[in-house]
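Welcome, and please get your viewer ready. We will begin with the whole chain and then pick out a few residues.

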Amino acid sequence: LNYFKRNSFSAYAYFDGEKWKKKRKPLRPDFIIDKSHFKFENFLLKKSFDKAAPLLNALPASLIASDKFLTHLIFPEFTKRNWLVHNLEEINEALKQIKTRRVVVKSPYGFGGKTVEILSKAQCKKLKLTEPTLFQEFIDSSKGIPGIVEGMHDFRVICLGSKMVTSYVRTPPKGKLL
């Protein structure tokens with residue numbers, strides 16, 4: 001967001017077919033897909049993106065998608081049950097309802113697995129929370145998907161409307177869960 005001024009970007013990242021690269025050169029895009037975290041203080045700036053190029057992900061959708069708990073509240077049939085916890089008392093209440101030995105612990109915001117941890121229930125009870133935190137039951141995917149992936153994985157499907165447009169599998173390093 002810091003690089004957007006006067007309807008163009010002063011720097012950008014692009015994929016060269018093998019890896020992501022950064023370039024510091026003015027760019028006026030044909031369209032924009034905004035993957036930055038939705039923050040209300042950036043709302044007007046993001047709204048101005050459409051002066052430079054069409055914004056493919058609408059701001060209301062970005063707000064919902066950037067908050068995992070809000071996504072769960074709006075689309076519970078498409079998400080794993082979440083518990084939003086703020087303190088030890090709420091942690092203990094959530095842990096009573098979570099049936100798995102392991103718990104997925106993450107920030108309600110962000111993407112790419114940057115804030116995700118997989119902990120035992122005992123480890124969860126020792127957490128010192130500094131912000132609201134999501135707890136989810138751990139899904140054991142160690143058996144893989146026959147013909148697609150062996151072992152632990154994270155399978156994602158991207159839909160536009162009712163049409164699946166792409167999917168991908170993320171696999172952790174051997175012996176890891178993330």
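How many helices and strands does the secondary structure of the protein chain come to? Colour by secondary structure and count five helices and ten strands. Keep in mind as you go that this is a predicted model.

**The whole chain.** Zoom out first. Along the principal axes, the C-alpha atoms fill a box of roughly 50 × 40 × 35 Å. Of the 178 residues, 29% are buried. If you display contacts with a separation of 6 or more, 44% of them join residues 24 or more positions apart.

**Charges.** Next, select the charged side chains. There are 33 positive and 17 negative ones, and the centres of the two sets lie 4 Å apart.

**Helix α2.** Select residues 59–65, which form helix α2, and pick out Leu63 within it. Is Leu63 buried, partly exposed or exposed? Leu63 is partly exposed, because its relative accessible area is 27%, which falls between the 20% and 50% cut-offs. Then draw a C-alpha to C-alpha distance from Leu63 to Lys25: the two are 38 residues apart in sequence and 29 Å apart in space.

**Helix α3.** Move on to residues 68–74, helix α3, where you will find His72. With a relative accessible area of 11%, His72 is buried. Which residues does His72 touch, leaving aside those up to four places away in sequence? Show Thr79, Lys80, Arg81 and Asn82. Finish on the Thr79 side chain, which makes a polar contact with the side chain of His72 at 2.7 Å.

How values were computed:
Residues numbered from 1 in each chain as written. Predicted model: local features only at pLDDT ≥ 70, side-chain atom pairs only at ≥ 80, totals over all residues. Heavy atoms only, no water. Helix = DSSP H or I, 4+ residues; strand = E, 2+ residues; numbered from the N terminus. Buried < 20%, exposed > 50% of the residue type's maximum accessible area, 1.4 Å probe, protein only. Contact = heavy atoms within 4.5 Å. Lys, Arg positive; Asp, Glu negative; His and termini not counted. Charge placed at Lys NZ, Arg CZ, Asp CG, Glu CD. Polar contact = N/O pair within 3.5 Å; in protein donor to acceptor, adjacent residues only side chain to side chain.
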